[in-house]
Amino acid sequence: MKAFIPEEVVMNPRALEYETGRKVRAYFENLGVPILISNRVKIEGDTPAKLYQRSKKTVFITLNKEKKLRPCSPSADYQFSLSSSCPGHCEYCYLQTTQGEKPYIRVFVNIDEIFQVIQQHMDDHDSDITTFECSSITDPIPFEPMTGSLKKCIEFFGESRQGRLRFVTKYHMVDSLLDAKHNGHTTFRFSVNTDPIIQQYEHVTSTLDQRILAAKKAAEAGYTLGFILAPIMRYDGWKKDYERLILNIKEQLHDDSLNISFELIQHRYTETAKNLITSRFPNTKLDMNDENRQLKWGPYGKFKYVYKKEDSLEIKTYISELIQEHFKNGSIEYFT
């Protein structure tokens, strides 16, 4: 896929007080993208699907004003944000609900202030190692050409005594990060799935082969490498497809010595997400039949539908055995 270029950019006037904000403005001016200077974003669409599509092509350049870090279990100790939302149109995405009714993209330019919040937290909690996730509400890779913020972030943690960075992506445009001075303090993860799931549900994302090739580049650049298998779905032929996925990763990386982490996440949805997904993707074929699921209380105060206990256990056991068989130095961080 090509680099992400929005149809419209809205820029908070305060963003121009920052070097990164001025850099972003120049970037879009050179591309000829319309820029509106405003602290409000107005998205119009006569159907939920059109509103969603328009939102995904609109970028708001603004500031991250959060002064406290939030927990981010199970992927890290804490999370922070360089951006929110992403260009991808993944039908199952949990951001369907967390981003609200108008999921336009926000890109934050006050990078040094974000670092100050992180450093203050580490100074106040002087533990040995603290992990920070910067992709819990976004995919940071598509915005790197306009900001350069992720590389700065990697190098900030590269110099940190106790801070460690983690992020995940579904995109392959990683070349600008390969020479970053990470000092082994960043875990570079790729979200992968079977070809049928990517092709049917992960619209406007890189192909599986592109992601694995990018993962190989990241490993060769010395990054700690990880894969998130998510969301793991049960469908006709799912076992064979996940076996092909694991073998594909193994064959393309072609290095049995790599220490690779795996995070396993089964498909889930809330009632709110289901309603939003069916309105934005009226022809979706996502399996959201409540009768095939059980309710599980989520960490953010909502019930979610997950696979029934026996189905969930089968997923966990089968995928775990595949990983253990084919990656002698692979580790499974969690299954949820």
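**Reading salt bridges in a predicted model**

User: Which residue forms a salt bridge with Arg 234, and how far apart are the closest N and O atoms?

Analyst: Side chains of opposite charge can pair when their charged atoms come close. In this predicted model, Arg 234 forms such a salt bridge with Asp 311, and the closest N and O atoms of the two lie 3.5 Å apart. This pair links distant parts of the chain, since Arg 234 sits in the loop between strand S13 (224-232) and helix H9 (238-253), while Asp 311 belongs to helix H11 (residues 309-326), 77 residues apart.

User: Is Arg 234 buried, exposed or partly exposed?

Analyst: Arg 234 counts as partly exposed, because its relative accessibility is 21%, and buried would require a value under 20%.

User: What separates Arg 244 and Asp 241 along helix H9?

Analyst: They are separated by about one helical turn, because they stand 3 residues apart in helix H9. Arg 244 and Asp 241 form a salt bridge, with the closest N and O atoms 2.5 Å apart. Arg 244 counts as exposed at 52% relative accessibility, whereas Asp 241, with a relative accessible area of 14%, is buried.

User: Are Glu 202 and Arg 211 buried or exposed?

Analyst: Both Glu 202 and Arg 211 are buried, and they form a salt bridge in which the closest N and O atoms are 2.7 Å apart.

User: How many salt bridges does a search of the whole structure find, and which residues are linked in a network?

Analyst: The search of the whole structure finds 21 salt bridges, and a network of salt bridges links Glu 133, Arg 166, Arg 189, Glu 263 and Glu 333.

Definitions and conventions: Residues numbered from 1 in each chain as written. Predicted model: local features only at pLDDT ≥ 70, side-chain atom pairs only at ≥ 80, totals over all residues. Heavy atoms only, no water. Salt bridge = Lys/Arg side-chain N within 4 Å of Asp/Glu carboxyl O. Buried < 20%, exposed > 50% of the residue type's maximum accessible area, 1.4 Å probe, protein only. Helix = DSSP H or I, 4+ residues; strand = E, 2+ residues; numbered from the N terminus.
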